[in-house]
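Here is a short briefing to read alongside the model. Take a look at the structure, then follow the points below.

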Amino acid sequence: MEHYKELLLKAKEAMAYAYTPYSKFNVGAAVLTKSGKIYTGCNIENASFGATNCAERTALFKAVSEGEKEITDIAVVSSSGDFTYPCGICRQVISEFMREGNLIFENSKGEIKVIKLSEIYPYSFTKENLL
Ligand code: THU
């Protein structure tokens with residue numbers, strides 16, 4: 001539980017950097033790597049809309065681009081007040097680097113929810129399918 005709280009805190013800190021002039025919907029994420037490092041990210045919108053990057057992918061891509069390819073936990077928070085679950089694209093990207101890990105969410109009431117990726121993204125397309 002303690003490391004969930006730390007990850008949620010880091011996700012909240014990262015949410016402060018969200019670039020959301022279009023939706024005003026701010027999201028923060030923090031990923032914990034197998035080696036124990038934490039990488040954070042926020043959503044970064046774009047005038048083209050389609051080029052927007054979600055907070056989860058920002059955090060994950062930061063980790064992978066620094067050589068960390070195994071993720072054990074991801075915490076996500078948003079400005080909505082509700083639990084905010086990753087979009088379909090993020091679920092697929094997360095599944096590439098985290099198979100058995102935990103997704104951790106907190107709402108504005110301070111309630112914490114912890115689930116497995118397989119609960120919200122079963123039968124994912126993986127690199128094994130390509131072999
Ligand atoms: N968004 C995220 O960053 N992560 C999510 O889990 C849901 C959606 C962003 C994308 C966009 O900037 C805004 O939230 C509204 O969709």
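Buried means under 20% relative accessible area, exposed over 50%, and partly exposed in between, with a 1.4 Å probe and protein chains only. This is a predicted model, in which local features need pLDDT of at least 70, side-chain atom pairs count only at pLDDT 80 or more, and totals for chains, interfaces and linings use all residues. Residues are numbered from 1 along each chain as its sequence is written, and side-chain values use heavy atoms, with hydrogens and water left out.

**Salt bridges**
- The structure holds four salt bridges (a side-chain nitrogen of Lys or Arg within 4 Å of a carboxyl oxygen of Asp or Glu).
- One of them joins Glu68 and Lys37, at 3.4 Å from N to O.
- Glu68 sits in the loop between H2 and S3 and Lys37 in the loop between S1 and strand S2 (38-42), so this pair ties together parts 31 residues apart in sequence; helices (H or I, at least four residues) and strands (E, at least two) are DSSP runs, numbered from the N terminus.
- Glu68 is buried at 12% relative accessible area, whereas Lys37 is partly exposed at 44%.
- Glu106 pairs with Lys12, their closest N and O atoms being 3.1 Å apart.
- That pair links Glu106 in strand S4 to Lys12 in helix H1 (residues 2-15), 94 residues apart.

**Nonpolar core**
- The largest nonpolar core has 19 residues (buried Ala, Val, Leu, Ile, Met, Phe, Trp, Tyr and Cys joined through side-chain atoms within 4.5 Å).
- Helix H2 (55-64) is among the elements giving two or more residues to this core, and H2 gives the most, with four.
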